[in-house]
Amino acid sequence: MAKIADIKKYRARIMDKQVERYLASFGAVCIEGPKWCGKTWISSYHANSEFLIADPTYHFQNRRLAELAPAMILEGETPRLIDEWQEVEEIWDAVRYEVDRRSEKGQFILTGSSTPKRKELRVHSGAGRIGRLRMRTMSLFESGDSSGCISLEDLCEGRMTPALTGETSLQNLACLIVRGGFPGAIDMPIENAMMISHSYIDTILSEDTQKIDGIKYDTGKMKLLLRSLARNESTTVSKKTLEKDIRETDDGNVDYDTVNNYLDVFQRLFLLDNLKPFSSNIRSSARVKTAEKRHFCDPSLACALLNLTPEKLINDLETFGFMFEALCERDIRIYAESFGAEVFHYQDYSNREIDTVVELKDGRWCAFEIKLGAKQIDSAAENLISIRDSIVMKGGKAPSVMAVICGMSNAAYQRKDGVFVVPITALKN
C-alpha cells in the first residue's frame, strides 16, 4: 500500500529525532497538534504501515471498521500509523491493551487534531505506554527562512560564535508572519497563503468546532472571541477583559461562561498555544503573575482574523511587534523542546516582564527579550540586567544566559554587558 508521505518530497522536521526517541522508549507515540501542521506526513514517514480513519473511500469504511472492531485495525507492520484516532475514541484503549500484550516498543503512531472531552470512555490514561508529542507549524529554520547559523541549544549553554547573518527587511518579516508556518503554504505566493489562513479559520468554525462535542456552537460568537484573541495576541489578557473587548470593539455579547467554554474548545482543537508563566518559587521571593500569555498556534491565523496584510503590519508597528513576538516564541518552543527544555514567560506584580524564559532540564534558566527593531536592543538588554539584579538581590537564582532575539539585526554577537543578540532569521534548534 502506498504511504501518505512521499519520501522524495518529505521536508525534514525538527521533531523527527523526538519521534525516533519516543518510538524507542514507548509502546506507542501520540502526535497531537493543529490540523495541517504536518502530523500525518511525519507519522507516515516514520511508520511502516498505515490506517487512515478519516479516509472517505467506500463511504468511510475505515471508520466503520474501527468502530466495530478496533483491535482488528491494529494488525500490520510496525510502527503502524493510526491517523486521527480521536474519531473513534475506543482506539486509545485498544492500543494501550495491545501495547501491554506485545510488550514491545515502537508499535504504533497515533495522530490527533483534537482532544476528546469525554475522557471517561477511556479505562486507562496510557501513562508509561503511550508517549505524547505536541507538533507545531513549521519554524523559520524548517521552512528555509532561517540560516540556522546559531543554535539555541548552544546559546543556552553560553556558547556562540559571533557571525554576520545577513540583512533582512520589515517587508520580509511581515510576509513571514502573515504567511505563517503551515507546510502547505510555505512555497505559495503571499496572496495565496493569506487565503489559506482565512479558509483555515472558516473551516475550524464551521466544521471542527461543531463535531468536537456533538454540540452546535454559535460560530458567530466564536469568531468574535477569536477576533478578540487576535487583537490581544502575545498578551496576558484575562477572560473578563476578552468579554469586555468583544462588547466594546465588535458590539457583541458573549458572557464569561461562554468565553470560558469556547476557549476550552479552541484549546482542545489545538488552535491556541498559550505560554505558561514561569514559576519563581525557587528563583526569588518576588510574587509572579500566573496568567498565561495568549498565542494562536500560528501567527498567520491572528493576522487572518484581523485582515492584516504585510503592508498593514508595516503601517502599524505596535501590532507588528506583537505578531513578531508570536512568531519568535513559536520558533523558540520548537527549538527548545527538541533538546528537552521548557518555555515560559515571566511577569511580576511590579510589571516587570521577560518575554521568554527557557528552562533547561538541570534547572538553569535563560532569559530572552524579543524586539523587532535594532534600536530596541539597548533597552531590552537593560531590562534583562535589571530583572536579573532584582532577582539576585532577593535571594533568587540568576539566569544563566540573557539574550535579545531581534528582527532587524544583521549580526549575532555578545555585548560587553554579557547579553547576546541573535536575529530570529539566524536561529535553529
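Close-up 1. Arg-388 belongs to helix α15 (residues 377–393), where helices are DSSP runs of H or I with at least four residues, numbered from the N terminus. The model is predicted, so local features need pLDDT of at least 70 and side-chain atom pairs count only at pLDDT 80 or more, while totals for chains, interfaces and linings use all residues. Residues are numbered from 1 along each chain as its sequence is written, and side-chain values use heavy atoms, with hydrogens and water left out. Arg-388 has a relative accessible area of 26% and is therefore partly exposed (buried means under 20%, exposed over 50%, partly exposed in between, with a 1.4 Å probe and protein chains only). Apart from neighbours within four places in sequence, Arg-388 contacts Ala-398, Pro-399 and Met-402 (contact means heavy atoms within 4.5 Å). A separation of 8.9 Å lies between the C-alpha atoms of Arg-388 and Ala-367, which are 21 residues apart along the chain.

**Close-up 2. The largest nonpolar core.** This core has 74 residues, of which Leu-152, Phe-296, Phe-324 and Val-358 touch the most other members. A nonpolar core is a set of buried Ala, Val, Leu, Ile, Met, Phe, Trp, Tyr and Cys residues joined through side-chain atoms within 4.5 Å. Helix α14 (residues 317–338) supplies the largest share of this core, nine residues. Another core, of 20 residues, lies apart from it and includes Ala-367, Ile-377, Ala-380 and Leu-384.

**Close-up 3. Packing of helices α8 and α9.** Helix α8 (residues 190–211) packs against helix α9 (residues 219–231) at an angle of about 130°, with the axes 11 Å apart. Axes are lines fitted to C-alpha atoms, for helices over the stretch in contact, and angles run from 0 to 180 degrees between N-to-C directions. The pair is therefore oblique (under 35 degrees is roughly parallel, over 145 roughly antiparallel, 65 to 115 roughly perpendicular and the rest oblique). From α8, the contact uses Ile-201, Asp-202, Leu-205, Thr-209 and Gln-210; from α9, Thr-219, Met-222, Lys-223 and Leu-226.

**Close-up 4. Packing of helices α9 and α11.** The axes of α9 and helix α11 (residues 256–268) cross at roughly 80° and come within 10 Å. Helix α9 is therefore roughly perpendicular to α11. Lys-221, Met-222, Leu-225, Leu-226 and Leu-229 of α9 meet Val-259, Tyr-262, Leu-263, Val-265 and Phe-266 of α11.

Methods:
Helices (H or I, at least four residues) and strands (E, at least two) are DSSP runs, numbered from the N terminus.
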